[in-house]
Amino acid sequence: MAEFVRARSNAQKEQRMDAIKRAADELFRERPYHEITLKAISERLGWSHAALYKYVTTKEDIFLEVCADARRAYNDALLSAYPAGCAYSHEVLAEVWAEQLNAHRDYLAYSELLLSIIERNVSVERLAAFKCAYYDEQAELVERFCGNLGMSADAAGRLFNAVLFHATSINAWNQDNPLVSEALKLAGIKRCVPPLKEEMREFIGMCLAHYCRR
């Protein structure tokens with residue numbers, strides 16, 4: 001194991017945290033969430049368990065930050081794909097939005113765990129910072145959609161929640177689960193999995209038609 005040198009400056013601390021997040025994200029792509037432990041993350045980093053504890057207390061501390069990064073990447077991509085003053089029709093916007101959701105499935109996967117697990121096992125200070133960033137980014141999206149579509153802020157907020165919650169569910173439905181596959185086979189049930197992009201394009205189109213009337 002490489003010798004661990006504790007970070008002294010804020011820049012070094014940020015570098016350490018970036019390394020921790022990368023290790024956690026790599027493990028998340030390889031195995032189920034419940035199998036990921038702080039020990040597994042420290043081993044991936046080549047650190048001792050005690051060294052990792054200098055930065056985080058639970059694995060949820062890490063994944064809250066990973067989720068924030070994934071959320072920010074998705075929101076930035078959506079804002080870039082739908083610039084201020086854009087006059088896309090609902091059909092084109094639904095297509096563009098569905099493409100961004102499909103390209104950021106990591107954010108959807110983390111969102112599935114966020115409310116039920118991650119947010120229940122972190123410090124209130126970390127969660128407060130996470131929530132502040134969430135609402136700041138949400139406000140930017142609301143402003144963009146209200147300006148481009150002429151919808152109310154309340155309707156825009158409801159639109160974003162509806163799209164995210166549905167996309168998260170469809171993405172989870174699309175994930176391969178050997179136990180579910182075996183159970184369905186045993187029960188003689190054919191599994192029907194809707195493609196995320198196509199499903200979300202239709203759903204977003206319906207939501208735009210509904211919420212833009214408000």
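This is a short tour of a predicted model, stop by stop.

**Before you start**

Residues are numbered from 1 along each chain as its sequence is written. Because the model is predicted, local features need pLDDT of at least 70 and side-chain atom pairs count only at pLDDT 80 or more, while totals for chains, interfaces and linings use all residues; side-chain values use heavy atoms, with hydrogens and water left out.

**Stop 1: the whole chain**

Show the protein chain as a cartoon. It has ten helices and zero strands. Helices (H or I, at least four residues) and strands (E, at least two) are DSSP runs, numbered from the N terminus. The C-alpha trace spans about 60 × 50 × 25 Å along its principal axes. Of the 214 residues, 44% count as buried. Buried means under 20% relative accessible area, exposed over 50%, and partly exposed in between (1.4 Å probe, protein chains only).

Now look at contacts, meaning heavy atoms within 4.5 Å. Among those between residues at least 6 apart in sequence, 69% join residues at least 24 apart.

**Stop 2: colour by confidence**

Colour by pLDDT, the predictor's confidence in each residue, from 0 to 100. The chain averages 92, and 96% of the residues score at least 70. Select helix H5 (residues 90–103): its mean of 98 is the highest among the elements. Then select helix H9 (residues 178–187), which has the lowest mean, 84. Where pLDDT is low, the predicted coordinates should not be read in detail.

**Stop 3: the nonpolar core**

Next, select Trp97, Leu101 and Phe145. Of the 67 residues in the largest nonpolar core, these three touch the most other members. Such a core is a set of buried Ala, Val, Leu, Ile, Met, Phe, Trp, Tyr and Cys residues joined through side-chain atoms within 4.5 Å. Helix H4 gives the most to this core, with ten residues.

Stay on Leu101. Leaving out residues up to four places away in sequence, Leu101 touches Tyr74, Leu108, Val163, Ala167, Leu196, Met200 and Ile204.

Step back to Gln100, in helix H5. Is Gln100 buried or exposed? Gln100 counts as buried because its relative accessible area is 15%. Beyond its neighbours within four places in sequence, Gln100 is in contact with Tyr74, Ala77, Leu78 and Ala81.

**Stop 4: helix H6**

Select H6 (105–114). This helix is mostly covered, with seven of its ten residues buried. They are Tyr107, Leu108, Ala109, Tyr110, Ser111, Leu113 and Leu114. What do the buried residues of H6 pack against? Show helix H1 (10–28), H4, H5, H7, H8 and helix H10 (196–211) to see their partners.

**Stop 5: the largest pocket**

A pocket is found on a 1 Å grid over the protein atoms alone; it is an open set of points where a 1.4 Å probe fits, with protein on both sides within 12 Å along at least five of seven lines. A cavity is a set of points where that probe fits but cannot get out, and lining residues have an atom within 4 Å of a point. Grid points are joined across faces, edges and corners, and a volume is the space filled by probe spheres set on the points.

The largest pocket holds about 550 Å³ of space. It has 17 lining residues, and Pro32, Tyr33, Glu112, Gln175 and Asp176 are the closest to its centre. H6 gives the most to the lining, with five residues. Helix H8 (153–174) also supplies at least two.

Click on Gln175, in the loop between H8 and H9. Gln175 is partly exposed because its relative accessible area is 38%. The C-alpha atoms of Gln175 and Ala109 are 9.1 Å apart, though the two are separated by 66 residues along the chain.

**Stop 6: the second largest pocket**

Move to Leu114, Leu115, Tyr134, Leu164 and Phe165. Of the 17 residues lining the second largest pocket, these are the closest to its centre. About 330 Å³ of space lies there. Helix H7 (124–149) is among the helices that supply at least two lining residues, and H7 has the largest share, five.

**Stop 7: the cavity**

How many cavities of 30 Å³ or more are there? The count is one. The volume of the largest cavity is about 120 Å³. Of its 14 lining residues, select Tyr74, Asn75, Gln138, Leu141 and Phe160, the closest to its centre. H4, H7 and H8 each give two or more residues to this lining.
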